[in-house]
Amino acid sequence: MDLRNKTLSASGFHSPERGTIDVLNDVLIEIDADGVITAVHRHGDPNYRIILDARDASGELVTLPAGSYILPGFVDLHVHAPQYPQLGDALDVPLEVWLQKYTFPLEARYQDAAFARHIYGLLVEDLLANGTTTALYFATIHQEATRTLVDICLEKGQRALIGKVAMDNADECPDYYRDLSAEEALDGTRALIDYVRGHPDNHEGRVLPVVTPRFIPSCTDATLEGLGAIARECGCHVQTHCSESDWAHGYVLARHGMTDTDSFDRFGLLSRKTVLAHANFLTAKDMETVRARQAAVAHCPLSNAYFANAVFPLRAALDKGLHVGLGTDISGGPSASMIENARGAILASRMLQSGVDPNLPPSARSTFGPAQIDFRDAFYIATTGGGIALDLPVGQFTPGYQFDAVLIDADAEKGTVQLFEDRDKGERILQKIIYTASRPNIAATWVGGRKV
């Protein structure tokens with residue numbers, strides 16, 4: 001169902017501002033030839049009936065069935081595309097062991113272009129089926145495989161930001177899987193940027209290149225400095241891991257004598273287009289630096305539970321005005337579902353607020369003060385927050401934004417949402433979707449007005 005040059009009649013929800021849910025009852029959403037929302041007409045507006053009748057008469061009206069609801073497409077701010085085959089594997093070991101024993105050997109296999117095409121095709125289809133319309137991808141060091149990921153996202157219609165991973169530090173990266181020099185890491189980054197921007201099927205700019213230092217332990221200072229220069233020259237997005245675990249955070253303090261945040265800042269890698277994955281160990285000063293640079297954090301609650309050794313203070317970051325979105329961190333996080341990760345964010349925030357030691361009195365179990373979020377904040381960071389983090393017009397149903405959307409069928413035969421007419425109205429419906437929906441409830445996904 002192509003919705004370009006159509007007017008959609010539907011009900012749904014979005015959250016243009018944190019803490020509020022805008023309930024859309026029988027709205028008319030006008031979408032132009034480029035998939036951009038040009039107008040939203042609400043039931044009861046003076047011209048609503050005139051517009052509805054006119055679009056119906058012209059054949060431009062598309063009406064979604066009762067019992068279905070549109071949500072903005074989910075924005076996943078942290079995906080390791082090559083790690084898809086190990087989703088759910090080895091979650092019982094520390095991060096540094098997980099990387100060296102399991103992850104690096106798997107990523108090294110992407111030297112095989114046929115293997116890359118097979119896995120990446122499955123991954124992108126899975127994410128789209130889960131309602132992820134925009135994904136920020138780490139690829140591998142391999143040029144051909146990373147270009148294949150670009151091709152597949154364009155073929156299947158997903159909005160994507162893709163980075164060739166830079167990792168040249170021989171002390172932390174295995175000989176069989178690393179850039180052999182800073183020059184190789186930088187040349188590979190430039191080559192991918194040129195490939196993405198020059199791709200004949202990417203004239204709409206639906207796929208963007210990303211400067212991608214894996215994290216400070218994997219990169220030499222020469223590579224970090226060079227990547228900062230490339231980011232300034234090309235105006236590209238930047239993605240990396242920041243202060244993820246005790247080991248990673250401690251490594252940077254020992255090597256550079258400062259936190260990850262300060263180190264990235266001095267290399268010119270902290271800007272409005274930077275996304276820092278995890279960021280569990282940000283200090284108060286770090287948060288101020290991230291806010292001042294208008295960089296963003298990719299909150300990965302499920303992955304953090306397994307590898308981070310700490311809980312990211314999401315509410316505190318949002319209250320301070322940081323840009324924060326949600327990430328699955330495939331495969332450190334064992335689920336490709338953004339809905340499950342939204343629930344994870346809620347759970348993590350509640351445990352951070354209440355504390356976990358029953359031997360302490362309630363007042364002494366937590367030192368964070370107010371930390372709990374609800375479904376409103378979780379929905380916000382999965383949609384609007386992700387769009388703001390990437391500085392892209394996605395994540396909400398507002399004129400000027402792309403019509404990227406997910407259709408939730410509350411009556412799906414194998415779905416897990418149960419709505420009751422006498423109880424569930426308004427934002428209570430969204431609340432049930434966030435807390436109880438599963439993949440069978442996702443009936444359709446659109447990117448730029450095109451069904452994918």
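The model is predicted: local features need pLDDT of at least 70, side-chain atom pairs count only at pLDDT 80 or more, and totals for chains, interfaces and linings use all residues. Residues are numbered from 1 along each chain as its sequence is written, and side-chain values use heavy atoms, with hydrogens and water left out.

**Cysteines**

Select Cys-234 and Cys-236. A disulfide (a pair of cysteine sulfur atoms within 2.5 Å) joins them, S to S 2.4 Å. A search of the whole structure finds one disulfide. Cys-234 is buried at 17% relative accessibility (buried means under 20% relative accessible area, with a 1.4 Å probe and protein chains only). Cys-236 is buried too, at 5%.

Go to Cys-219 next. Cys-219 is in no disulfide; the nearest cysteine sulfur belongs to Cys-173, 7.2 Å away. Cys-219 is buried, at 0%.

Then pick Cys-300. Cys-300 is in no disulfide either, and the nearest cysteine sulfur, on Cys-242, lies 12 Å away. Cys-300 is buried at 0%.

**Helix pair**

Select residues 143-156, helix α4, and residues 182-198, helix α5. Helices here are DSSP runs (H or I, at least four residues), numbered from the N terminus. The two pack at about 25°, axes 11 Å apart. Axes are lines fitted to C-alpha atoms over the stretch in contact, and angles run from 0 to 180 degrees between N-to-C directions. α4 and α5 are therefore roughly parallel (angles under 35 degrees).

Now show side chains. On α4, pick Gln-143, Thr-146, Arg-147, Val-150 and Asp-151. They meet Gly-188, Ala-191, Leu-192, Tyr-195 and Val-196 of α5 (contact means heavy atoms within 4.5 Å).

Definitions and conventions: Buried means under 20% relative accessible area, exposed over 50%, partly exposed in between (1.4 Å probe, protein chains only). Angles under 35 degrees count as roughly parallel, over 145 as roughly antiparallel, 65 to 115 as roughly perpendicular and the rest as oblique.
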